[in-house]
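I opened this notebook to record what I looked up in the structure shown below. The entries follow the order in which I consulted it.

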Amino acid sequence: MLLILKAKLAAKAALVVAPLAVAAAGYGLPAIPADQVAVTTIAPGAFLHRLAGDFALNGRPVNAPRRAFRFTRPLTIMTYQVSAAAYDACVAAGACERRLFRAAASAEAPAVGVNWHDATAYATWFSSRTGARWRLPTDAEWAFAAGARFNDDAVLADDGSDSFSKRWLAKYEQESSRQAPADKAPRPAGAFGFNEHGVADIAGNVWEWTDTCFLRQALDASGEPTGERTVNCGVRVVEGEHRSYVTDFVRDARAGGCAVGVPPANLGFRLVRDDAGYLGAAVARARFHMRWI
Amino acid sequence: MFTRRTMMAAAALATLVAAVPALADDLAKLPREQVELVAPPFIHAHEQATKAGPKVLQFKMTIQEKELVIDNEGTKIHAMTFNGSVPGPLMVAHQGDYVELTLINPDTNMMAHNIDFHSATGGLGGGELTMVNPGEQVVLRWKADRAGVFVYHCAPGGSMIPWHVTSGMNGAVMVLPREGLKDDTGKPLHYDKAFYIGEQDFYVPRDENGKFKSYESAGDAYPDQAEVMRKLIPSHEVFNGKVGSLTGKNALTAKVGEQVLLVHSQANRDTRPHLIGGHGDFVWETGKFANRPEKDLETWFIRGGSAGAALYTFKQPGIYAYVNHNLIEAVELGATAHFKVEGTWNDDLMKQVSPPSPILSGAKTGALDAPAHKH
């Protein structure tokens, strides 16, 4: 289901994010008409989602637990990844840093070669231009929007019975069996098709930054968190054909050395719109975070 | 006049006259064995030690000029290869054997090639006697009179030499002592598995946007490539011809307890192999088996234009990375291989006593405390 944002909604949102609307004037640019942003709204619902991060049972790495997530509000997400042209407008306005590989991609193709800071800066700038509140999705939001195109990264051969070396080898096998995208070059928006929700280019050859920080958590025998957890926001979850954890200042993820498998071919992003405004979003995210811990 | 010198010359001549037919007879009497070469990292079947007398080992290599993809981005080069692989196959003989190589340069190739064996004596390592044009073949025999691992490479003269070598035209020979390898005390050594890793520096030109260029033919590439070569900074530094040729699905395998011999050659440039998580139990750093192996090395040095050998018994299961420990070359330029090792973990050798977890509050304050002597 592909919905185009209605101007009326945007006006309502603009009231909530008044401080940003004022800031927009500072760029001296005309606002982007809200109906020019293609978004897809996904109806509220629940799904099972394998958490992102490293999890351990008795000090031994295990697959992340799957948890039920419930979205009580519709999720509004950009139908397409942010394009090179859209991102470069932010660069031209002095609000975003230049991306890598500028010569390689056409303006219509997704912006790639961006790090988490770039994506976040774009969200701030874009919010000010549209008068709505835009931000990076959380890992679970991304997975919810990805629908059937989300790939579970559990180590299938892990029976939980042996020392860590068996899981290590199995993980190596699984990661090294991934196919590299036939073509790394970003393709025009929509080239990888739409999923069942009408969201384009999920799990194509551009991986997307999420706002979710890397998490390390010990679990008890029942799979519930035990003890303190470590949250490292210098590393963010990147989603695409497979899940990846990438340092926030990296614009080109590559494998090598002890690392194995196919790294994200390109780093790009798309944004979600918080129709509930700042406060609602903050509350939603806080509740979201607490739901499984 | 009959001087001492002429007498010696006459004696030498007499010896030579006597020796030549005898040599031909001896060689004719020696058993001959045809050896099928296999592409690296594997090595053709061979005995580690032999009680048999010297043989004439017959090898055949076909030179192949062909396009090869050398990284995961699809960068292509016009490679020059011995037998189709970079590096060329490892040839194994025993000290005292004769190596007889038929070198074929098919008429589908564009260039003249030859072969210089560092293990051979005279004739520029055979280079002077093996120059073959497309559509020709040559047979060279040389005596393996010293034991060790040695580089061979194409050396067709002038600027063609580094160009052919850095286009992939190199490999190695392993001449084993007839009684096999020995440790530093003279006790016999044995390997359960042996792998040949050829390290290669490539010099691929880039366009104005920093992208690797591709060319219609090797000749078209040459001027740009020569310019990159002369700056001495490789664009790729890889094992077995390609980034990732020995990782993932192509990772090398072993079991805990297995003794693995690693032969490593670099025909052009220095390198420093290191097995992450392991060691070199016995290392012939300069690659020559008449010298005692060094023990327990962490990293060993392979001089450009030489080969070395290391023997290691795996003691733990898991993944090992075998790298050029200039880590920029290993990670950024490609010089990385992986071992997948199966077996049972040994807690005595290593154990994660406490998994990563938040810093204990006591430790936190401890770290922030002023040093005791200041109190």
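Entry 1: Strands here are DSSP runs of E with at least two residues, helices are runs of H or I with at least four residues, and both are numbered from the N terminus. Two strands count as paired if DSSP finds at least two bridges between them. Strand 2 and strand 5 of chain B run parallel and are joined by seven bridges. Strand 1 (residues 32-34) of chain B also runs parallel to strand 2 of chain B, with three bridges; there, Glu33(B) stands opposite Leu57(B).

I note for the record that this is a predicted model, in which local features need pLDDT of at least 70 and side-chain atom pairs count only at pLDDT 80 or more, while totals for chains, interfaces and linings use all residues. Residues are numbered from 1 along each chain as its sequence is written, chains are lettered from A and ligands numbered from 1 in the order in which they are written, and side-chain values use heavy atoms, with hydrogens and water left out.

**Entry 2: the hairpin.** I then followed strand 2 of chain B to strand 3 of chain B, with which it pairs in the antiparallel sense over seven bridges. Gln64(B) stands opposite Thr81(B) in strand 3 of chain B. The two strands form a hairpin with six residues between them, and Gly74(B) in the turn has a positive phi of about 85°.

**Entry 3: the open sheet.** I recorded an open sheet of four strands in chain B, ordered 4-9-8-6, with mixed pairing. Its edge strands are strand 4 (91-94) and strand 6 (116-117), each pairing on one side only. Strand 4 of chain B pairs with strand 9 (residues 170-176) of chain B in the parallel sense over four bridges. Within that pair, Val173(B) is the bridge partner of Met91(B).

**Entry 4: the cores.** Which residues have the most contacts inside the largest nonpolar core? I found Met61(B), Phe82(B), Met91(B), Leu103(B) and Phe117(B), in a core of 33 residues. Such a core is a set of buried Ala, Val, Leu, Ile, Met, Phe, Trp, Tyr and Cys residues joined through side-chain atoms within 4.5 Å, where buried means under 20% relative accessible area (1.4 Å probe, protein chains only). Strand 2 of chain B gives the largest share of this core, four residues. Apart from it lies another core, of 27 residues, among them Tyr122(A), Leu136(A), Val238(A) and Ala265(A).

I also listed the contacts (heavy atoms within 4.5 Å) of Phe117(B). Not counting residues up to four places away in sequence, Phe117(B) touches residues including Met91(B), Leu140(B), Trp142(B) and Val173(B).

**Entry 5: the interface.** I found 27 residues of chain B in contact with 25 residues of chain A. The two chains bury about 1,900 Å² between them, 63% of it on carbon and sulfur atoms; this is the accessible area (1.4 Å probe) that two parts lose on being put together, summed over both. In chain B, Ile319(B), Trp345(B) and Pro358(B) lose the most area to chain A, together 27% of what that side buries.

I found two salt bridges across the interface, each a side-chain nitrogen of Lys or Arg within 4 Å of a carboxyl oxygen of Asp or Glu. Glu173(A) and Lys340(B) meet in a salt bridge through their side chains (2.6 Å, N to O). Strand 19 of chain B gives the largest share of the side of chain B that touches chain A, five residues.

Notes. Buried < 20%, exposed > 50% of the residue type's maximum accessible area, 1.4 Å probe, protein only.
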